[in-house]
Amino acid sequence: MRTGIDEAHDPKYAHIERERRWLVNPAMRPDLSALPYVLIEDRYIANTRMRLRRMTANTSGEQALKLTKKYECSDPLARPIVTTYLTQDEYALLETLPAAVLIKRRYEVVDQGITFGIDQFLGALAPLELAEVEWSDDTGLRALPSPSWAVRDISNDPRYQGGAISHSGIPKD
């Protein structure tokens, strides 16, 4: 039988998010100007691993509000994650907590038959662009080719995680 203390280290209700990420060369990637996007406003809550997110579709104005926690783990390509969707009142309450903020536009682009999300950061993090892809199985994820417009794979570089860049800015390579 598992206790609540056990779950803190091996989260019972989490699922595994399998994800790879790349640094994008904006001069080589497809033109994004005519594509729909989702405006993402992330608030990385101070002294936690929690992220408050507002996602707004630019074409419809439809919104999704969520609270997410990504757990530390030994494999950055397969991270336990828990997400809950929020009401506007719940979001407004959590939005009052101290947090580091980042804002980006997420586009979907197909390259080599694979749909990648391209995050185009705004404000102090411009002109940073990152691509990501989620995959259902570990073997398939690791076998994916890099997008043709990628500078390099940054999946194992913690400096490019959202919480890190919201606090420290664009990594100096």
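Ser 166 is buried, with a relative accessible area of 15%, where buried means under 20% relative accessible area, exposed over 50% and partly exposed in between, for a 1.4 Å probe and protein chains only. This is a predicted model, in which local features need pLDDT of at least 70 and side-chain atom pairs count only at pLDDT 80 or more, while totals for chains, interfaces and linings use all residues. Residues are numbered from 1 along each chain as its sequence is written, and side-chain values use heavy atoms, with hydrogens and water left out.

**Surroundings of Ser 166**

- Ser 166 belongs to helix 4, residues 162-168; helices (H or I, at least four residues) and strands (E, at least two) are DSSP runs, numbered from the N terminus.
- Not counting residues up to four places away in sequence, Ser 166 touches Tyr 44, Ala 100, Val 101 and Leu 102, contact being heavy atoms within 4.5 Å.

**Paired strands**

- Strand 2 (residues 38-45) and strand 3 (residues 50-57) run antiparallel and are joined by seven bridges, two strands being paired if DSSP finds at least two bridges between them.
- Within this pairing, Asp 42 has Arg 53 in strand 3 as its bridge partner.

**Nonpolar cores**

- The largest nonpolar core has 15 residues, of which Trp 22, Phe 116, Ile 118, Ala 131, Val 133 and Trp 149 touch the most other members; such a core is a set of buried Ala, Val, Leu, Ile, Met, Phe, Trp, Tyr and Cys residues joined through side-chain atoms within 4.5 Å.
- At least two residues of this core come from each of strand 1 (15-24), strand 6 (99-111), strand 7 (114-121) and strand 8 (129-134), and strand 7 gives the most, with three residues.
- Another core, of 10 residues, lies apart from it and includes Phe 121, Leu 128, Tyr 160 and Ile 165.

**The largest pocket**

- The largest pocket is lined by 44 residues, and Glu 17, Glu 19, Arg 51, Arg 53 and Lys 70 lie nearest its centre; on a 1 Å grid over the protein atoms alone, a pocket is an open set of points where a 1.4 Å probe fits, with protein on both sides within 12 Å along at least five of seven lines, and lining residues have an atom within 4 Å of a point.
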